[in-house]
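Come along while I look a few things up.

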Amino acid sequence: MILKSMSIQNFKGIKDLTIDFSEKSNLISGLNGTGKTSIYDAYCWCLFGKDSQESAKFDIRKYGIDDKADTFVEVVTETTKYKRVFSKKTVRTTVEGVSKTVLENDYKTLVDDIEIPATKYKNAISELVGNSETFKILSNIFYLPAIMDWKKRREFLIGIFGTVTDEKILQDKEFAELLEK
């Protein structure tokens with residue numbers, strides 16, 4: 001996948017940002033608190049509906065954003081545009097005979113500006129980048145050692161390196177002293 005651009009609006013502390021990516025190399029840098037992690041969170045949210053810490057329950061918008069304003073993240077690849085939108089919709093409900101109007105959360109997923117069900121969107125993203133776990137291992141240096149659940153991390157590492165027993169470790173010459181002790 002070649003990432004062409006990303007547009008973010010009303011996401012966390014980002015009011016409006018568009019990034020055009022180079023095919024060769026890209027670097028996002030800045031002082032602490034300037035939005036670097038928010039850009040990565042927006043990217044993860046657009047693809048998987050979760051932030052970079054694997055949480056689906058986080059403050060998508062900062063306070064002060066008009067309830068009628070949409071929050072969206074749009075990712076454009078060489079062939080397709082993927083977009084996730086969060087907004088508030090007005091719903092009329094009746095509780096115990098009393099009719100009232102309330103605001104409810106509304107989520108939409110779009111591919112090439114066509115709204116599709118979340119399951120189809122998830123399948124399209126899976127075809128694009130694989131599963132979220134593999135994507136985060138490859139794109140976030142902190143994911144494997146610090147964020148990934150320890151049981152999944154253990155299973156992942158055993159899958160790569162195989163099972164290592166204490167006896168196998170102690171056969172190494174560097175650990176010969178331990179055998180004596």
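How many bridges join strand 5 to strand 6? I found 3 bridges between strand 5 (residues 98-111) and strand 6, and the two run antiparallel. One pairing I noted is Leu110 with its bridge partner Glu115 in strand 6. My strands are DSSP runs of E, at least two residues, and helices are runs of H or I, at least four residues, both numbered from the N terminus.

Some ground rules for myself: this is a predicted model, where local features need pLDDT of at least 70 and side-chain atom pairs count only at pLDDT 80 or more, while totals for chains, interfaces and linings use all residues. Residues are numbered from 1 along each chain as its sequence is written, and side-chain values use heavy atoms, with hydrogens and water left out.

Then I turned to the cysteines. I counted 0 disulfides, a disulfide being a pair of cysteine sulfur atoms within 2.5 Å. Cys44 is in none, as the nearest cysteine sulfur, that of Cys46, is 10 Å away. Cys44 is buried at 0% relative accessibility, and Cys46 is buried with a relative accessible area of 0%. Buried means under 20% relative accessible area (1.4 Å probe, protein chains only).

Note on methods:
Buried < 20%, exposed > 50% of the residue type's maximum accessible area, 1.4 Å probe, protein only. Pairing = 2+ DSSP bridges.
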